[in-house]
Amino acid sequence: MSLQLNCPNCGVRPVWEFHYGGPLKSRPTQDASAEAWTSYIYHKPNPRGDQKEWWYHRSACKLWFLAERNTQSNNVHTTQRFGAEESK
Amino acid sequence: MPASRMWRDHELKESYDVVIIGGGVHGLATAYYLTKLGVKNIAILEAKYIGFGGSGRNTAIIRSNYRTPEGIAFYDHSVKLYEQLALDLDFNVMFSQHGHLTLAHNERGVTGLRERAHTNQLMGIDSRLIQPREIQELCPMMNVFGPQRYPIQAALYHPPGGIIRHDAVVWAYARGADRGGAHVHQLTEVNDIETPNGAVSAVVTNRGRIKTGIVLNATAGYASTICDMVNIPLALETHPLQAFVSEALKPWLHHVIVSSTLHIYISQSDRGELVSGAEVDDYLSYSLRGTLAFAEGGATHLLELFPFLANVKMLRQWAGLCDMTPDYSPIMGPVDEIKGFYITVGWGTYGFKAGPASGHLMAQCIQSGKTPKMLEPFLNSRFLRDQLVGEKAAASVSH
Ligand SMILES: Cc1cc2nc3c(=O)[nH]c(=O)nc-3n(C[C@H](O)[C@H](O)[C@H](O)COP(=O)(O)OP(=O)(O)OC[C@H]3O[C@@H](n4cnc5c(N)ncnc54)[C@H](O)[C@@H]3O)c2cc1C
(Lines give C-alpha, C1' and ligand atoms only; values in the text may rest on other atoms or scores of the structure.)
Protein backbone atom coordinates (compact mmCIF):
# COMPACT_ATOMS: atom_id res chain seq x y z
CA MET A 1 0.00 0.00 0.00
CA SER A 2 1.20 3.47 -0.71
CA LEU A 3 1.28 5.84 2.21
CA GLN A 4 1.50 9.46 3.20
CA LEU A 5 3.70 11.01 5.84
CA ASN A 6 3.12 14.15 7.84
CA CYS A 7 6.38 16.06 7.50
CA PRO A 8 6.86 18.27 10.58
CA ASN A 9 7.76 21.15 8.23
CA CYS A 10 5.62 20.63 5.14
CA GLY A 11 2.57 18.67 6.24
CA VAL A 12 1.05 15.57 4.65
CA ARG A 13 2.88 14.43 1.51
CA PRO A 14 3.02 11.20 -0.55
CA VAL A 15 5.70 8.68 0.35
CA TRP A 16 7.69 9.08 -2.86
CA GLU A 17 8.77 12.56 -1.73
CA PHE A 18 10.61 10.88 1.13
CA HIS A 19 13.53 8.55 1.68
CA TYR A 20 13.18 5.80 4.29
CA GLY A 21 16.12 5.90 6.69
CA GLY A 22 15.67 2.66 8.62
CA PRO A 23 14.75 1.92 12.22
CA LEU A 24 15.72 4.18 15.09
CA LYS A 25 18.60 2.40 16.84
CA SER A 26 20.85 3.37 19.70
CA ARG A 27 24.49 3.62 18.81
CA PRO A 28 26.94 1.45 20.78
CA THR A 29 29.59 3.23 22.82
CA GLN A 30 33.13 3.62 21.46
CA ASP A 31 34.42 0.77 23.61
CA ALA A 32 31.56 -1.64 22.77
CA SER A 33 32.48 -5.09 21.43
CA ALA A 34 32.91 -5.88 17.73
CA GLU A 35 29.73 -7.97 18.00
CA ALA A 36 27.75 -5.01 19.27
CA TRP A 37 29.00 -2.82 16.43
CA THR A 38 28.40 -5.49 13.80
CA SER A 39 24.91 -5.96 15.07
CA TYR A 40 24.31 -2.19 15.06
CA ILE A 41 25.46 -1.95 11.46
CA TYR A 42 23.86 -5.03 9.93
CA HIS A 43 21.01 -6.45 12.02
CA LYS A 44 17.50 -5.10 11.48
CA PRO A 45 14.58 -5.51 13.88
CA ASN A 46 12.30 -5.84 10.81
CA PRO A 47 9.06 -6.06 12.84
CA ARG A 48 5.74 -7.02 11.34
CA GLY A 49 3.97 -4.34 13.36
CA ASP A 50 4.91 -0.96 14.81
CA GLN A 51 8.33 0.54 14.28
CA LYS A 52 9.92 3.89 15.12
CA GLU A 53 11.96 4.92 12.11
CA TRP A 54 13.82 7.67 10.27
CA TRP A 55 12.48 9.48 7.23
CA TYR A 56 14.13 12.17 5.10
CA HIS A 57 12.09 14.68 3.13
CA ARG A 58 14.24 14.29 0.04
CA SER A 59 12.13 16.22 -2.49
CA ALA A 60 11.32 19.20 -0.31
CA CYS A 61 12.64 20.59 2.98
CA LYS A 62 15.48 18.04 3.53
CA LEU A 63 14.45 17.40 7.13
CA TRP A 64 15.36 14.10 8.83
CA PHE A 65 12.51 13.22 11.20
CA LEU A 66 11.00 10.26 13.05
CA ALA A 67 7.77 8.40 12.36
CA GLU A 68 5.99 5.59 14.12
CA ARG A 69 4.40 3.33 11.54
CA ASN A 70 2.76 -0.06 11.35
CA THR A 71 4.72 -2.04 8.75
CA GLN A 72 1.79 -4.35 7.94
CA SER A 73 -0.97 -1.74 7.44
CA ASN A 74 1.40 1.18 6.68
CA ASN A 75 -0.65 3.36 9.05
CA VAL A 76 1.54 6.18 10.27
CA HIS A 77 0.66 6.81 13.92
CA THR A 78 2.88 9.82 14.62
CA THR A 79 5.67 11.87 13.12
CA GLN A 80 7.99 14.16 15.04
CA ARG A 81 11.21 16.13 14.84
CA PHE A 82 14.15 14.31 16.37
CA GLY A 83 14.13 15.10 20.06
CA ALA A 84 10.83 17.02 19.86
CA GLU A 85 7.26 16.44 20.96
CA GLU A 86 5.02 14.49 18.61
CA SER A 87 3.52 16.66 15.87
CA LYS A 88 0.62 14.43 14.91
CA MET B 1 -4.54 -25.97 -8.63
CA PRO B 2 -5.20 -29.73 -8.64
CA ALA B 3 -3.92 -30.18 -5.09
CA SER B 4 -5.43 -33.58 -4.42
CA ARG B 5 -3.79 -35.10 -7.45
CA MET B 6 -0.43 -33.39 -6.90
CA TRP B 7 0.13 -34.08 -3.21
CA ARG B 8 -1.86 -35.57 -0.37
CA ASP B 9 -3.25 -34.05 2.81
CA HIS B 10 -2.19 -35.61 6.11
CA GLU B 11 -2.93 -35.37 9.80
CA LEU B 12 -0.07 -33.65 11.63
CA LYS B 13 2.17 -36.33 13.12
CA GLU B 14 3.37 -35.97 16.69
CA SER B 15 6.98 -35.76 15.55
CA TYR B 16 9.08 -35.33 12.44
CA ASP B 17 12.83 -35.63 11.87
CA VAL B 18 12.87 -32.35 9.96
CA VAL B 19 10.34 -29.50 9.99
CA ILE B 20 10.57 -27.02 7.14
CA ILE B 21 8.76 -23.71 7.61
CA GLY B 22 7.59 -22.14 4.33
CA GLY B 23 6.03 -23.79 1.28
CA GLY B 24 7.92 -21.84 -1.36
CA VAL B 25 10.56 -23.05 -3.78
CA HIS B 26 13.29 -23.13 -1.12
CA GLY B 27 11.40 -25.15 1.48
CA LEU B 28 9.97 -27.54 -1.09
CA ALA B 29 13.24 -28.08 -2.97
CA THR B 30 15.06 -28.77 0.29
CA ALA B 31 12.37 -31.31 1.23
CA TYR B 32 12.57 -32.96 -2.18
CA TYR B 33 16.36 -33.34 -2.12
CA LEU B 34 16.25 -34.55 1.50
CA THR B 35 13.90 -37.37 0.49
CA LYS B 36 16.38 -38.28 -2.26
CA LEU B 37 19.10 -38.50 0.40
CA GLY B 38 16.91 -40.91 2.37
CA VAL B 39 15.54 -38.44 4.94
CA LYS B 40 11.80 -39.01 4.56
CA ASN B 41 10.15 -38.13 7.85
CA ILE B 42 9.71 -34.46 6.92
CA ALA B 43 6.95 -31.90 7.35
CA ILE B 44 6.67 -28.79 5.22
CA LEU B 45 4.53 -26.27 7.09
CA GLU B 46 2.91 -23.55 5.02
CA ALA B 47 0.72 -20.90 6.68
CA LYS B 48 -1.34 -20.27 3.55
CA TYR B 49 -1.00 -22.33 0.37
CA ILE B 50 1.91 -23.68 -1.66
CA GLY B 51 3.34 -20.76 -3.61
CA PHE B 52 1.61 -18.02 -1.60
CA GLY B 53 4.93 -16.20 -1.11
CA GLY B 54 7.47 -14.89 -3.57
CA SER B 55 7.57 -18.26 -5.29
CA GLY B 56 4.11 -17.63 -6.75
CA ARG B 57 4.67 -13.92 -7.37
CA ASN B 58 8.05 -13.65 -9.05
CA THR B 59 8.87 -12.87 -12.65
CA ALA B 60 10.80 -16.11 -13.06
CA ILE B 61 14.09 -14.83 -14.45
CA ILE B 62 16.87 -17.40 -14.28
CA ARG B 63 20.53 -16.59 -14.94
CA SER B 64 24.03 -17.01 -13.53
CA ASN B 65 25.87 -13.88 -14.77
CA TYR B 66 26.50 -12.58 -11.27
CA ARG B 67 29.42 -10.48 -10.04
CA THR B 68 31.34 -12.44 -7.40
CA PRO B 69 33.02 -15.83 -7.97
CA GLU B 70 31.05 -17.22 -5.00
CA GLY B 71 27.75 -16.02 -6.41
CA ILE B 72 28.50 -17.13 -9.96
CA ALA B 73 29.45 -20.68 -8.90
CA PHE B 74 26.33 -20.98 -6.78
CA TYR B 75 23.83 -19.65 -9.36
CA ASP B 76 25.51 -21.69 -12.10
CA HIS B 77 24.84 -24.81 -10.03
CA SER B 78 21.19 -23.76 -9.92
CA VAL B 79 20.90 -23.11 -13.68
CA LYS B 80 22.35 -26.57 -14.33
CA LEU B 81 19.82 -28.18 -12.00
CA TYR B 82 17.03 -26.19 -13.67
CA GLU B 83 18.14 -27.49 -17.07
CA GLN B 84 17.47 -31.04 -15.83
CA LEU B 85 14.46 -30.24 -13.67
CA ALA B 86 11.66 -31.20 -16.07
CA LEU B 87 13.24 -34.63 -16.49
CA ASP B 88 14.09 -35.00 -12.84
CA LEU B 89 10.59 -34.10 -11.61
CA ASP B 90 8.70 -35.46 -14.62
CA PHE B 91 6.83 -32.16 -14.99
CA ASN B 92 6.98 -29.56 -17.74
CA VAL B 93 8.45 -26.51 -16.03
CA MET B 94 8.65 -24.62 -19.35
CA PHE B 95 12.24 -23.45 -18.89
CA SER B 96 12.96 -21.20 -21.85
CA GLN B 97 16.64 -20.23 -22.10
CA HIS B 98 16.15 -17.52 -24.66
CA GLY B 99 18.89 -15.19 -23.47
CA HIS B 100 19.29 -12.26 -21.10
CA LEU B 101 20.48 -8.71 -21.90
CA THR B 102 21.57 -6.16 -19.29
CA LEU B 103 21.82 -2.68 -20.80
CA ALA B 104 24.36 0.01 -19.91
CA HIS B 105 23.61 3.65 -20.61
CA ASN B 106 26.80 5.31 -19.36
CA GLU B 107 30.54 4.73 -19.03
CA ARG B 108 30.41 3.48 -15.47
CA GLY B 109 27.66 1.06 -16.45
CA VAL B 110 29.74 -0.30 -19.33
CA THR B 111 32.75 -0.78 -17.04
CA GLY B 112 30.60 -2.66 -14.53
CA LEU B 113 29.27 -4.98 -17.21
CA ARG B 114 32.77 -5.53 -18.63
CA GLU B 115 33.99 -6.60 -15.19
CA ARG B 116 31.08 -8.99 -14.91
CA ALA B 117 31.67 -10.41 -18.39
CA HIS B 118 35.32 -11.14 -17.53
CA THR B 119 34.53 -12.71 -14.18
CA ASN B 120 31.75 -14.75 -15.78
CA GLN B 121 34.08 -15.99 -18.52
CA LEU B 122 36.77 -16.95 -16.01
CA MET B 123 34.12 -19.03 -14.24
CA GLY B 124 33.06 -20.72 -17.49
CA ILE B 125 29.78 -18.82 -17.88
CA ASP B 126 28.52 -17.91 -21.35
CA SER B 127 28.45 -14.13 -20.98
CA ARG B 128 29.91 -11.27 -23.02
CA LEU B 129 29.73 -7.57 -23.69
CA ILE B 130 28.00 -6.63 -26.94
CA GLN B 131 27.71 -3.34 -28.82
CA PRO B 132 24.52 -1.49 -29.85
CA ARG B 133 24.51 -2.93 -33.38
CA GLU B 134 24.35 -6.50 -32.04
CA ILE B 135 21.76 -5.48 -29.45
CA GLN B 136 19.58 -4.16 -32.26
CA GLU B 137 20.02 -7.40 -34.22
CA LEU B 138 18.96 -9.47 -31.22
CA CYS B 139 16.07 -7.18 -30.39
CA PRO B 140 14.86 -5.37 -33.53
CA MET B 141 11.84 -3.85 -31.76
CA MET B 142 13.90 -1.99 -29.16
CA ASN B 143 14.65 1.72 -29.43
CA VAL B 144 18.45 1.35 -29.59
CA PHE B 145 19.46 4.17 -31.96
CA GLY B 146 16.44 6.47 -31.80
CA PRO B 147 16.11 9.49 -29.51
CA GLN B 148 16.55 8.46 -25.88
CA ARG B 149 17.22 10.30 -22.69
CA TYR B 150 19.88 7.71 -21.80
CA PRO B 151 21.24 6.21 -25.04
CA ILE B 152 22.19 2.54 -24.91
CA GLN B 153 25.96 2.08 -25.00
CA ALA B 154 26.45 -1.66 -24.54
CA ALA B 155 24.88 -4.77 -23.04
CA LEU B 156 25.92 -7.86 -21.13
CA TYR B 157 24.63 -10.78 -23.18
CA HIS B 158 24.01 -14.04 -21.32
CA PRO B 159 22.57 -16.63 -23.73
CA PRO B 160 21.65 -19.32 -21.12
CA GLY B 161 19.51 -16.86 -19.12
CA GLY B 162 15.75 -17.01 -19.49
CA ILE B 163 12.41 -17.54 -17.84
CA ILE B 164 10.47 -20.46 -16.42
CA ARG B 165 6.90 -21.29 -15.34
CA HIS B 166 7.31 -20.57 -11.63
CA ASP B 167 4.08 -22.24 -10.47
CA ALA B 168 5.06 -25.43 -12.28
CA VAL B 169 8.40 -25.51 -10.46
CA VAL B 170 6.77 -25.11 -7.06
CA TRP B 171 4.01 -27.66 -7.70
CA ALA B 172 6.47 -30.16 -9.17
CA TYR B 173 8.77 -29.91 -6.15
CA ALA B 174 5.77 -30.31 -3.83
CA ARG B 175 4.68 -33.40 -5.73
CA GLY B 176 8.23 -34.75 -5.76
CA ALA B 177 8.57 -34.23 -2.01
CA ASP B 178 5.17 -35.89 -1.45
CA ARG B 179 6.13 -38.89 -3.56
CA GLY B 180 9.39 -39.13 -1.62
CA GLY B 181 7.43 -39.43 1.63
CA ALA B 182 7.41 -35.85 2.95
CA HIS B 183 4.17 -34.38 4.32
CA VAL B 184 3.04 -31.11 2.75
CA HIS B 185 0.84 -29.28 5.28
CA GLN B 186 -0.95 -26.20 3.97
CA LEU B 187 -2.88 -23.81 6.23
CA THR B 188 -0.41 -24.70 8.98
CA GLU B 189 1.16 -21.69 10.64
CA VAL B 190 4.13 -21.82 12.98
CA ASN B 191 3.54 -19.70 16.07
CA ASP B 192 6.47 -20.70 18.26
CA ILE B 193 9.66 -22.74 18.31
CA GLU B 194 10.85 -24.41 21.52
CA THR B 195 14.59 -24.45 22.13
CA PRO B 196 15.33 -25.54 25.71
CA ASN B 197 19.10 -25.86 26.36
CA GLY B 198 20.01 -24.17 23.09
CA ALA B 199 18.66 -26.92 20.84
CA VAL B 200 15.46 -27.17 18.81
CA SER B 201 12.94 -29.53 20.44
CA ALA B 202 9.49 -28.63 19.08
CA VAL B 203 7.45 -26.38 16.85
CA VAL B 204 4.05 -25.00 17.90
CA THR B 205 1.48 -24.54 15.13
CA ASN B 206 -2.17 -23.57 14.83
CA ARG B 207 -2.85 -27.31 14.34
CA GLY B 208 -0.85 -28.54 17.29
CA ARG B 209 2.66 -29.15 18.58
CA ILE B 210 5.28 -31.13 16.66
CA LYS B 211 8.40 -32.62 18.24
CA THR B 212 11.49 -32.23 16.08
CA GLY B 213 15.24 -31.76 16.41
CA ILE B 214 15.67 -29.86 13.16
CA VAL B 215 13.90 -26.77 11.86
CA LEU B 216 14.58 -24.95 8.60
CA ASN B 217 13.38 -21.36 8.25
CA ALA B 218 12.51 -20.90 4.56
CA THR B 219 10.02 -18.06 4.85
CA ALA B 220 11.73 -15.33 2.78
CA GLY B 221 9.87 -12.04 3.47
CA TYR B 222 8.64 -13.45 6.79
CA ALA B 223 12.08 -14.74 7.87
CA SER B 224 12.44 -12.25 10.74
CA THR B 225 9.11 -13.25 12.27
CA ILE B 226 10.38 -16.85 12.57
CA CYS B 227 13.88 -15.93 13.76
CA ASP B 228 12.35 -13.62 16.39
CA MET B 229 10.84 -16.76 17.96
CA VAL B 230 14.37 -18.01 18.73
CA ASN B 231 16.04 -14.60 19.21
CA ILE B 232 18.31 -14.80 16.18
CA PRO B 233 18.79 -11.31 14.75
CA LEU B 234 19.02 -11.19 10.96
CA ALA B 235 20.76 -8.76 8.64
CA LEU B 236 17.74 -8.29 6.46
CA GLU B 237 14.68 -6.15 6.01
CA THR B 238 11.38 -6.93 4.28
CA HIS B 239 10.50 -4.78 1.27
CA PRO B 240 7.67 -5.19 -1.25
CA LEU B 241 8.61 -5.82 -4.86
CA GLN B 242 5.99 -5.11 -7.51
CA ALA B 243 5.47 -6.38 -11.03
CA PHE B 244 2.87 -6.09 -13.77
CA VAL B 245 1.80 -7.89 -16.93
CA SER B 246 0.31 -6.53 -20.13
CA GLU B 247 -2.38 -8.02 -22.30
CA ALA B 248 -1.13 -10.87 -24.49
CA LEU B 249 0.65 -9.97 -27.73
CA LYS B 250 2.05 -12.04 -30.57
CA PRO B 251 5.60 -13.15 -29.77
CA TRP B 252 8.02 -10.32 -30.55
CA LEU B 253 10.39 -10.16 -27.58
CA HIS B 254 12.82 -13.07 -27.50
CA HIS B 255 15.11 -12.03 -24.63
CA VAL B 256 14.90 -10.80 -21.09
CA ILE B 257 15.86 -7.10 -21.17
CA VAL B 258 17.11 -5.32 -18.05
CA SER B 259 18.13 -1.71 -17.51
CA SER B 260 19.27 -0.56 -14.07
CA THR B 261 19.49 3.04 -15.25
CA LEU B 262 15.87 3.01 -16.37
CA HIS B 263 14.80 0.89 -13.37
CA ILE B 264 13.00 -1.61 -15.54
CA TYR B 265 13.13 -5.16 -16.79
CA ILE B 266 10.86 -6.97 -19.23
CA SER B 267 10.28 -10.36 -20.80
CA GLN B 268 7.49 -11.96 -22.79
CA SER B 269 5.83 -15.03 -21.35
CA ASP B 270 4.83 -18.07 -23.36
CA ARG B 271 1.25 -16.78 -23.15
CA GLY B 272 2.34 -13.57 -24.88
CA GLU B 273 1.99 -11.25 -21.90
CA LEU B 274 4.77 -8.78 -21.25
CA VAL B 275 6.07 -9.30 -17.71
CA SER B 276 7.78 -6.31 -16.20
CA GLY B 277 9.11 -5.03 -12.91
CA ALA B 278 11.63 -2.79 -11.23
CA GLU B 279 13.39 -2.41 -7.89
CA VAL B 280 11.86 -2.97 -4.46
CA ASP B 281 9.82 -0.23 -2.82
CA ASP B 282 12.46 1.50 -0.76
CA TYR B 283 10.78 1.23 2.64
CA LEU B 284 10.21 -1.70 4.98
CA SER B 285 6.67 -3.07 4.63
CA TYR B 286 4.75 -6.33 4.86
CA SER B 287 1.89 -4.93 2.78
CA LEU B 288 1.02 -6.76 -0.45
CA ARG B 289 -0.81 -3.88 -2.12
CA GLY B 290 0.43 -2.41 -5.39
CA THR B 291 0.89 1.32 -5.92
CA LEU B 292 -0.06 3.69 -8.71
CA ALA B 293 3.41 5.24 -8.53
CA PHE B 294 4.93 1.91 -9.54
CA ALA B 295 2.54 1.35 -12.44
CA GLU B 296 3.20 4.86 -13.75
CA GLY B 297 6.96 4.62 -13.33
CA GLY B 298 7.14 1.22 -14.94
CA ALA B 299 5.09 2.29 -17.94
CA THR B 300 7.14 5.46 -18.42
CA HIS B 301 10.46 3.64 -18.43
CA LEU B 302 9.21 0.87 -20.65
CA LEU B 303 8.14 3.40 -23.26
CA GLU B 304 11.67 4.78 -23.47
CA LEU B 305 12.86 1.39 -24.68
CA PHE B 306 9.71 0.37 -26.56
CA PRO B 307 7.73 3.47 -27.63
CA PHE B 308 5.39 1.34 -29.77
CA LEU B 309 3.87 -0.16 -26.60
CA ALA B 310 2.06 3.12 -25.87
CA ASN B 311 -1.39 1.67 -26.57
CA VAL B 312 -0.86 -1.73 -24.98
CA LYS B 313 -2.96 -2.33 -21.89
CA MET B 314 -1.66 -3.25 -18.48
CA LEU B 315 -3.60 -6.29 -17.32
CA ARG B 316 -2.73 -6.55 -13.64
CA GLN B 317 -0.10 -5.64 -11.07
CA TRP B 318 0.84 -7.23 -7.77
CA ALA B 319 3.45 -7.26 -5.02
CA GLY B 320 5.45 -9.84 -3.09
CA LEU B 321 7.71 -9.56 -0.06
CA CYS B 322 11.47 -9.63 -0.40
CA ASP B 323 13.96 -10.23 2.41
CA MET B 324 16.70 -7.79 1.47
CA THR B 325 20.25 -8.27 2.78
CA PRO B 326 22.88 -5.51 2.66
CA ASP B 327 25.03 -7.38 0.10
CA TYR B 328 22.20 -8.76 -2.06
CA SER B 329 23.33 -12.30 -1.23
CA PRO B 330 21.38 -14.97 0.66
CA ILE B 331 21.98 -16.29 4.17
CA MET B 332 22.15 -20.09 4.28
CA GLY B 333 23.23 -22.86 6.63
CA PRO B 334 23.10 -23.62 10.35
CA VAL B 335 23.22 -20.80 12.90
CA ASP B 336 25.87 -20.84 15.61
CA GLU B 337 23.50 -20.00 18.46
CA ILE B 338 20.97 -22.88 18.32
CA LYS B 339 21.57 -26.53 17.56
CA GLY B 340 19.23 -27.89 14.89
CA PHE B 341 18.12 -24.47 13.62
CA TYR B 342 18.87 -23.84 9.96
CA ILE B 343 18.06 -20.91 7.71
CA THR B 344 17.78 -20.32 3.99
CA VAL B 345 16.72 -16.68 3.81
CA GLY B 346 17.79 -13.34 2.39
CA TRP B 347 16.52 -14.38 -1.03
CA GLY B 348 15.53 -10.83 -1.78
CA THR B 349 14.44 -10.14 -5.32
CA TYR B 350 16.59 -12.87 -6.85
CA GLY B 351 15.85 -16.11 -5.02
CA PHE B 352 13.62 -18.02 -7.39
CA LYS B 353 16.50 -18.94 -9.68
CA ALA B 354 18.37 -20.23 -6.62
CA GLY B 355 15.73 -22.71 -5.43
CA PRO B 356 17.27 -25.88 -6.86
CA ALA B 357 20.85 -25.09 -5.76
CA SER B 358 19.86 -23.94 -2.30
CA GLY B 359 17.51 -26.91 -1.85
CA HIS B 360 20.15 -29.33 -3.04
CA LEU B 361 22.90 -27.88 -0.81
CA MET B 362 20.69 -27.26 2.24
CA ALA B 363 19.52 -30.89 2.04
CA GLN B 364 23.16 -32.07 2.10
CA CYS B 365 23.87 -29.66 4.94
CA ILE B 366 20.96 -30.94 7.05
CA GLN B 367 21.46 -34.61 6.24
CA SER B 368 25.22 -34.68 6.86
CA GLY B 369 25.45 -32.00 9.53
CA LYS B 370 28.32 -30.49 7.54
CA THR B 371 28.22 -27.24 5.58
CA PRO B 372 28.95 -27.84 1.87
CA LYS B 373 31.85 -25.72 0.59
CA MET B 374 29.64 -23.82 -1.85
CA LEU B 375 27.46 -22.62 1.05
CA GLU B 376 30.30 -21.38 3.27
CA PRO B 377 30.49 -17.83 1.85
CA PHE B 378 26.78 -17.38 2.61
CA LEU B 379 26.75 -18.34 6.31
CA ASN B 380 25.02 -16.00 8.76
CA SER B 381 28.38 -15.49 10.50
CA ARG B 382 29.75 -13.60 7.49
CA PHE B 383 28.36 -10.36 8.90
CA LEU B 384 30.34 -10.78 12.12
CA ARG B 385 33.43 -11.57 10.04
CA ASP B 386 32.67 -8.58 7.82
CA GLN B 387 33.02 -10.78 4.73
CA LEU B 388 30.10 -9.75 2.58
CA VAL B 389 29.37 -11.18 -0.87
CA GLY B 390 28.55 -7.99 -2.75
CA GLU B 391 26.07 -8.65 -5.55
CA LYS B 392 24.19 -5.36 -5.59
CA ALA B 393 25.59 -4.39 -8.99
CA ALA B 394 24.33 -7.68 -10.45
CA ALA B 395 21.07 -8.13 -8.59
CA SER B 396 19.29 -4.89 -7.69
CA VAL B 397 17.16 -4.41 -10.79
CA SER B 398 17.97 -7.59 -12.65
CA HIS B 399 16.40 -10.24 -10.51
C1 LIG C 1 7.50 -9.38 -7.96
C2 LIG C 1 8.65 -10.30 -7.71
C3 LIG C 1 9.50 -10.63 -8.77
C4 LIG C 1 10.58 -11.49 -8.57
N5 LIG C 1 11.32 -11.85 -9.64
C6 LIG C 1 12.31 -12.76 -9.51
C7 LIG C 1 13.01 -13.22 -10.65
O8 LIG C 1 12.74 -12.80 -11.78
N9 LIG C 1 14.00 -14.15 -10.48
C10 LIG C 1 14.32 -14.63 -9.24
O11 LIG C 1 15.23 -15.45 -9.14
N12 LIG C 1 13.65 -14.22 -8.12
C13 LIG C 1 12.65 -13.30 -8.23
N14 LIG C 1 11.95 -12.88 -7.11
C15 LIG C 1 12.35 -13.36 -5.78
C16 LIG C 1 11.77 -14.74 -5.48
O17 LIG C 1 10.39 -14.74 -5.76
C18 LIG C 1 11.98 -15.12 -4.02
O19 LIG C 1 13.32 -14.88 -3.63
C20 LIG C 1 11.70 -16.60 -3.78
O21 LIG C 1 10.48 -16.98 -4.37
C22 LIG C 1 11.69 -16.92 -2.31
O23 LIG C 1 11.28 -18.25 -2.16
P24 LIG C 1 11.14 -18.90 -0.73
O25 LIG C 1 10.80 -20.32 -0.94
O26 LIG C 1 12.36 -18.61 0.08
O27 LIG C 1 9.97 -18.08 -0.02
P28 LIG C 1 8.43 -17.81 -0.43
O29 LIG C 1 8.09 -18.34 -1.74
O30 LIG C 1 8.20 -16.36 -0.16
O31 LIG C 1 7.67 -18.67 0.63
C32 LIG C 1 7.68 -18.40 2.00
C33 LIG C 1 6.43 -19.00 2.58
O34 LIG C 1 6.52 -18.99 4.00
C35 LIG C 1 5.20 -18.94 4.47
N36 LIG C 1 5.20 -18.54 5.89
C37 LIG C 1 5.49 -17.34 6.40
N38 LIG C 1 5.36 -17.35 7.72
C39 LIG C 1 4.99 -18.60 8.08
C40 LIG C 1 4.69 -19.24 9.33
N41 LIG C 1 4.76 -18.57 10.50
N42 LIG C 1 4.34 -20.56 9.31
C43 LIG C 1 4.27 -21.25 8.13
N44 LIG C 1 4.53 -20.67 6.94
C45 LIG C 1 4.89 -19.38 6.90
C46 LIG C 1 4.52 -17.93 3.57
O47 LIG C 1 3.11 -18.09 3.58
C48 LIG C 1 5.14 -18.26 2.21
O49 LIG C 1 4.34 -19.09 1.41
C50 LIG C 1 10.86 -12.01 -7.27
C51 LIG C 1 10.03 -11.66 -6.20
C52 LIG C 1 8.93 -10.83 -6.40
C53 LIG C 1 8.04 -10.50 -5.24
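## Contact between chains A and B

In this predicted model, 24 residues of chain A are in contact with 25 residues of chain B (heavy atoms within 4.5 Å). About 2,100 Å² is buried between the two chains, with 55% of it on carbon and sulfur atoms; buried area is the accessible area (1.4 Å probe) that two parts lose on being put together, summed over both.

There are zero salt bridges between chain A and chain B (a side-chain nitrogen of Lys or Arg within 4 Å of a carboxyl oxygen of Asp or Glu). On the side of chain A that touches chain B, strand 3 (19–23), helix 1 (34–42) and strand 4 (50–56) each give two or more residues. Helices (H or I, at least four residues) and strands (E, at least two) are DSSP runs, numbered from the N terminus.

## Strand 15 of chain B

Five of the five residues of strand 15 (residues 264–268) of chain B are buried, that is, under 20% relative accessible area (1.4 Å probe, protein chains only). Ile264(B), Ile266(B) and Gln268(B) lie on one side, and Tyr265(B) and Ser267(B) on the other.

## Neighbouring strands

Strand 14 (residues 256–259) of chain B pairs with strand 15 of chain B in the antiparallel sense over three bridges; pairing requires at least two DSSP bridges. Val258(B) has Tyr265(B) as its bridge partner.

Strand 15 of chain B is also joined to strand 16 (residues 273–280) of chain B, antiparallel, by four bridges. Here Gln268(B) stands opposite Leu274(B).

## Basis of the values

Residues are numbered from 1 along each chain as its sequence is written, and chains are lettered from A in the order in which they are written. Local features need pLDDT of at least 70, whereas totals for chains and interfaces use all residues, and side-chain values use heavy atoms, leaving out hydrogens and water.

Note on methods: Predicted model: local features only at pLDDT ≥ 70, side-chain atom pairs only at ≥ 80, totals over all residues. Buried < 20%, exposed > 50% of the residue type's maximum accessible area, 1.4 Å probe, protein only.
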